[in-house]
Amino acid sequence: MSSFGYLIKEGFKNIFNNRMMTLAAIGVLISCLVLTGSAIMLTVNVSDIVDSVGDTNVTKVFLNDDLSKLEAVYKGKELKALDNVAEADFIDKEDSIKAYREQLGEEIFESMTGDGNPFPYAYSITMNDLSQYDQTIAAIRAMDGVASISSHREVAQKLTSLSSLITMMSFWIILALAIISLFIISNTIRMTMFSHRFEISIMKSVGATNTFVRVPFVIEGVVIGLVSAVVSTGLLYFLSDAVIKAVKGILDFPYTPFTDVMWYITGGFLGAGILVGVMGSMLSISRFLRREGNEILGW
Amino acid sequence: MIEFKNVSKVYASNGAHALDNVSINIAKGEFVFIVGSSGAGKSTFLKLIMREEQPTSGSIIVNDMFLERLSRRKVPYLRRTMGIVFQDFRLISKMTVYENVAFAMRCVGKKSSTIKKRVPYILDLVGLADKANDHPSELSGGEQQRVSLARALVNNPAMIIADEPTGNIDPEMSYEIIELLSEINKRGTTVLVVTHEHELVKSFGKRVITIDEGRVISDTADDEYIAI
C-alpha cells in the first residue's frame, strides 16, 4: 500500500512537471470525446424524431387548384371509398390561409383571401393499415384532381438517410481523432519518460520490476483520460442543452435531453478515456522497458 | 555465488568478441578485484552478471540463479541480490542524500516505516549521517561515492558490485572507499570491484582476476598480484 501511494504521488508529479504537454493531450482527447458525444446525441435524437414522425398516421392530399369547392368536397367521398382510408377530413383553403394571418399582416392577408388564395383544397387522411401505405398512396395518386401528397413518412425517410450519413462521417472523424489522441498521449508520456530516464536506469539497476516503473506513467495516462472524460461530459451537457433549445424553436419534436443518456455517455467516456490513457502510456513504455543499463540513458 | 562456465560473448551488432571462453568462480564472502585495460571485457563481465546481456555460449550462475534460464520477469529479483556502485555515482540531483538512498528501498516496495529505520543506519555506516539533508551537488566526489555505496547497501544485498568506484575521485578518497568496501566485506557481503588502478589493487592484497582481450589471463590470490 505504501508503494502504491508513492507511485500515485509520482504519477501526479509527472503530470505537474509535464503540464503543457498534458494539457495538449487533454485538449485533443476532449475534442475527440465531445465530437463522439455530439454524434451520439444527434443519432439518438434523429432516431427519436424518425420514430415519432414515422408513427404519425396522417397524410395530406392536396387537390388541383382548378377544382371548385363543390368538386373538392366530392373528392372526399372518393377518398373514403378507398379500401385502406379510415378518415378523410376536408381542409378548406380559407382555413389554411387563416393560419398565416398573423405572419402575413392584415393587408396581405386580405389580398390572399378569395380568388387570391394560393392554397389548394386538401384532405387529411388516416389509414387503417400502415403496412399498405404504398399501395394506398398509389391509388390516391391515380385519382383525377389530386395534385400532390405530403406524408411525414417521406420526411422520416430523408432524416433516416441523413442520420446514416452523419453516423458514417462521425465514425471516421472519431476514429481519426482517437488515433491522434493515442499518438499525443503516447508522446506526452514518452517525453515524461525521457526526462526520467536517469531515475528509470537506477530503478532497474536496484531491482524495480517493470510494473513498478510503469505504474506512474500509466497513472499519468489514466488521469489524462479521466479529466478529459469529466470535462467532455460537462461540455456536452451545456452544448446539447443549447442546441436542443435552439432547434425546438424551429422543429417541435420530442427531443431526448442529455440528462436521459448522461450516465451512459459518462460511463462510455470514462471507459474510453481510461482505455486511451492506458493504451497511450503502454505504447510508449513497453519499448523503453526492454532497454537495459546505459541503453536507457542513450549512452 | 558467481560461476562462469566457458562463457563467450560476441556482440551481434559489431561482431566483437568481448569475452572468450571465460571460466570464473567467486565464492560467497570473497573480495575480488577484476582488473584489465579499457576494452578488455570487464564491462561485459559485469553486464552478464547483472543480466543486462546474455552470453553467446556457456553458462552463468549468480546467487544460485541460472541466468540462461532466468525469465525477464525474474531479472529484477536477481538484481535485488546485488548492489551496484557506479563510477559516475548516478545520484539523482534533485533528491537529498537521504532520498537517494531511500529511493532504492522504495523501488523494491519497502514500507515507509522500514525505510525510516534503515536509511539513517546505512548513512551512519558510510559516515554520512550528518549529510542526510544535503543534495549531491553539495558533496565532494568521495562523499557522493559513499552515497552511491549506501544506496547499493541499503537493500541488504548478498553482493556488492563496484564498477570503477574510484574512477572519479582523488587517490586518498579512493583508498577510503576501498577500505569501506573491505569493512562491508568483513560483515559477510561478497564484494566485486572492477578497476584499472593497479596501485590501489596491490595495496589491498586481495584476490585479483585479470581480463585481457576477453580472456582471464591471471587469477591470483592475495598478494601474488603483479601488475602487467
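Two residues are taken to be in contact if their C-beta atoms, placed from the backbone, lie within 7 Å. The structure is a predicted model, in which local features require pLDDT of at least 70 and side-chain atom pairs count only at pLDDT 80 or more, whereas totals for chains, interfaces and linings use all residues. Residues are numbered from 1 along each chain as its sequence is written, and chains are lettered from A in the order in which they are written.

At the interface, 17 residues of chain B are in contact with 15 residues of chain A. On the chain B side, the elements contributing two or more residues are α2 (75-79) and α3; helices are DSSP runs (H or I, at least four residues) numbered from the N terminus. This side of chain B comprises seven nonpolar, three polar and seven charged residues, where Ala, Val, Leu, Ile, Met, Phe, Trp, Tyr, Cys and Pro count as nonpolar, Asp, Glu, Lys and Arg as charged, and the others, Gly among them, as polar.

Helix α3(B) (residues 97-107) also packs within its own chain. Its axis lies 8 Å from that of α5(B) (residues 141-153), at an angle of about 30 degrees; axes are lines fitted to C-alpha atoms over the stretch in contact, and angles run from 0 to 180 degrees between N-to-C directions. The two helices are therefore roughly parallel, given that angles under 35 degrees count as roughly parallel, over 145 as roughly antiparallel, 65 to 115 as roughly perpendicular and the rest as oblique. B:V97, B:N100, B:V101 and B:A104 of α3(B) meet B:V147, B:A150 and B:R151 of α5(B), a set of five nonpolar, one polar and one charged residues.

The axes of α3(B) and α4(B) (residues 112-125) come within 10 Å and cross at roughly 125 degrees, so the pair is oblique. Among the residues making this contact are B:Y98 and B:M105 of α3(B) and B:I115 and B:L123 of α4(B). The contact of α3(B) with α4(B) holds nine nonpolar, no polar and two charged residues.

In chain A, the 39 residues of helix α10 (residues 210-248) should span 57 Å at 1.5 Å a residue, and the end C-alpha atoms are 55 Å apart, which agrees; the expected span is 1.5 Å times one less than the number of residues. A kink of about 30 degrees in α10(A) is centred on A:P216, the bend being the angle between axes fitted to the seven residues ending there and the seven starting there. Helix α10(A) packs against α11(A) (residues 258-289) at about 150 degrees, with axes 7 Å apart, and the two are therefore roughly antiparallel. Their contact has 19 nonpolar, twelve polar and three charged residues.
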